Amino acid sequence: MPDAHNTATTTRPAPVTFWEAFRFWLKLGFISFGGPAGQIAIMHTELVERRRWISEKRFLHALNYCMVLPGPEAQQLATYIGWLMHRTWGGIVAGALFVLPSLFILGVLSWVYVAFGQVPVVAGIFYGIKPAVTALVVHAAHRIGTRALKNGWLWGIAVASFVAIFALEAPFPLIVLIAAFIGHVGGRMAPQIFVVGGGHGTIQQAYGPALIDDDTPTPGHARFAKSHLVKVLIIGLGLWAGAMAWLLLTHGMNGTLTQMGWFFTKAALLTFGGAYAVLPYVYQGAVEHYHWLTGPQMIDGLALGETTPGPLIMVVAFVGFVGAWTQQVFGPDALMLAGAVAATVVTFFTFLPSFIFILAGGPLIESTHGQLKFTAPLTAITAAVVGVILNLAMFFAYHVLWPLGLSGRFDGVSALIALGAAAALFRFKLGVMTLLGLCAVLGLAITWLR
């Protein structure tokens with residue numbers, strides 16, 4: 001007779017109701033700190049190891065699909081699993097609850113920032129956090145680079161992309177397109193260069209039978225049907241067109257909200273490589289082209305995004321809030337309303353494509369449980385992203401270390417905080433939240449002493 005422990009690991013879990021899953025996705029929305037890697041780790045622990053709602057093989061199969069899509073892969077993975085378990089509404093709820101807590105929290109913090117940003121306490125916190133954010137971006141470039149740059153050719157693409165965006169000021173979409181073309185041609189002529197291997201799930205472990213196990217047949221709603229594909233595309237594109245038409249009618253072609261809707265639609269389709277990859281594009285548009293916010297404000301927004309749950313790309317909500325506030329979209333007497341509406345608008349246009357990708361493409365992916373391999377163009381894009389992120393780190397460092405420009409004084413204290421933060425990340429593997437908390441306290445102490 002098996003003991004209790006063996007029974008627990010050999011018996012398939014009880015079916016999960018829609019509302020049980022709803023409560024889990026809501027909880028996940030409030031605890032999903034740590035960026036994509038941390039969020040995926042949380043989902044693996046909860047869904048594969050502890051609750052056994054899905055097997056590791058099926059979990060990794062879904063993750064590999066999400067990794068080759070533009071957009072936040074952790075949010076897309078939650079959408080995929082929610083859809084697989086509880087049909088379309090299950091996917092919508094899982095994906096939306098991954099984002100909504102972050103939107104609410106970031107909206108409140110954005111209001112505090114623009115309304116009270118000059119208060120010494122708030123200014124002191126940001127004084128300590130900004131250098132830490134610079135170190136975080138450098139660390140991200142290193143982390144992605146060590147995984148992606150497996151040979152000299154890929155290193156060459158990374159260097160070329162850095163030169164293109166730093167020296168030639170090439171737009172981010174052009175760099176992505178050129179990298180994809182190089183990968184497409186190179187993958188045919190020298191495939192060994194662009195097949196770098198690795199990926200997720202090289203080591204698998206059995207945690208016991210799962211509700212959706214390796215050999216569980218694909219549920220009826222997840223099987224491919226042309227009618228379903230057409231329906232999802234019509235509804236998804238219809239929602240986008242309807243929202244854009246409303247903005248055009250109410251704000252005109254050159255209205256701030258209309259421009260935000262169009263700009264962040266493009267951003268949503270260019271987020272290969274994660275949020276750090278698309279941030280340079282957001283910076284180019286929001287800071288340099290539209291002037292919705294300043295460079296230092298962009299750094300502050302990334303700091304807030306790092307300290308809140310949800311995808312890091314939610315920094316776009318901060319951009320929308322601050323941009324609508326400074327542009328006085330609804331007039332000087334409705335600044336908070338303008339910020340809240342703009343944050344909601346940019347979140348809608350940023351995440352709508354992710355839902356379409358999952359609900360339309362999921363049945364195609366479920367039609368085979370073999371591992372989905374990265375393509376050569378995506379390998380080249382990932383290499384180019386490393387150079388782009390390094391440029392972003394230099395941009396942040398410039399604004400942090402020379403806050404008044406190169407003709408102004410060098411901020412040695414910020415440089416020491418940045419070096420200490422880098423050491424904490426690279427040498428001591430300190431967590432992001434702990435690092436930002438310590439740097440915030442340090443910034444407060446320095447401000448008080450001054």
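Which helices each supply at least two residues of the lining of the second largest cavity? The first legend below takes up this point. The model is predicted.

**View 1. The second largest cavity and its lining.**
Helix 2 (18–31) and helix 5 (73–116) each give at least two residues to the lining of this second largest cavity. The lining consists of F18, A21, F22, W25, G82, H86, G90 and V93. By class, five of the lining residues of the second largest cavity are nonpolar and three are polar. No charged residue takes part in that lining. The volume of the second largest cavity is about 30 Å³. Across the whole structure, a search returns two cavities of 30 Å³ or more. Rolling a probe the size of a water molecule over the atoms shows where such empty space is left.

**View 2. The second largest pocket.**
The second largest pocket holds about 660 Å³ of space. Helix 5, helix 10 and helix 15 are the elements that give two or more residues to the lining of this pocket. Helix 5 contributes the largest share, nine residues. In total, 24 residues line the second largest pocket. Nearest its centre lie T88, I92, L239, F355 and L359. The lining of the second largest pocket divides into 16 nonpolar, six polar and two charged residues.

**View 3. The salt bridge between D213 and R12.**
Here the side chains of D213 and R12 form a salt bridge, 3.5 Å from N to O. D213 sits in the loop between helix 9 (191–194) and helix 10 (226–251), and R12 in the loop between helix 1 (4–10) and helix 2, so the pair ties together parts that are 201 residues apart in sequence. R12 is partly exposed, at a relative accessible area of 44%. A search of the whole structure finds five salt bridges.

**View 4. The salt bridge between E366 and R58.**
The side chains of E366 and R58 meet in a salt bridge at 3.1 Å, N to O. E366 belongs to helix 15 (residues 335–366) and R58 to helix 4 (residues 56–67), so this pair ties together parts that are 308 residues apart in sequence. Both ends are inside the cut-off for burial, which is under 20% relative accessible area. E366 has 5% relative accessibility and is buried. R58 is buried as well, with a relative accessible area of 2%.

**View 5. The network of E46, R50 and R51.**
Salt bridges with shared partners join E46, R50 and R51 into one network. E46 is buried, with a relative accessible area of 12%. R51, at 24% relative accessibility, counts as partly exposed. Side chains of opposite charge can pair when their charged atoms come close.

**View 6. T350 and its surroundings.**
T350 is placed in helix 15. Its relative accessible area is 5%, so T350 is buried. What does T350 touch, leaving aside its neighbours within four places in sequence? The contacts of T350 are F264, A268, I313 and V316.

**View 7. Positive phi at E169.**
E169 has a phi near 55 degrees, a positive value in a residue other than glycine. This residue, E169, lies in the loop between helix 7 (152–166) and helix 8 (172–189). With 66% relative accessibility, E169 counts as exposed.

**View 8. Positive phi at K429.**
Phi of K429 is near 55 degrees, which is positive in a residue other than glycine. Where is K429 placed? K429 is found in the loop between helix 17 (412–426) and helix 18 (432–449). The relative accessibility of K429 is 64%, so K429 counts as exposed.

How many disulfides does a search of the whole structure find? The search finds zero. C66 is buried, at 1% relative accessibility. C439 is also buried, and its relative accessible area is 6%.

Notes: Residues numbered from 1 in each chain as written. Predicted model: local features only at pLDDT ≥ 70, side-chain atom pairs only at ≥ 80, totals over all residues. Heavy atoms only, no water. Disulfide = S-S within 2.5 Å. Buried < 20%, exposed > 50% of the residue type's maximum accessible area, 1.4 Å probe, protein only. 1 Å grid on protein atoms, 1.4 Å probe; cavity = no way out; pocket = protein on both sides within 12 Å on 5 of 7 lines; lining within 4 Å. Points joined across faces, edges and corners; volume = space filled by probe spheres on them. Helix = DSSP H or I, 4+ residues; strand = E, 2+ residues; numbered from the N terminus. Nonpolar A, V, L, I, M, F, W, Y, C, P; charged D, E, K, R; others polar. Salt bridge = Lys/Arg side-chain N within 4 Å of Asp/Glu carboxyl O. Contact = heavy atoms within 4.5 Å.
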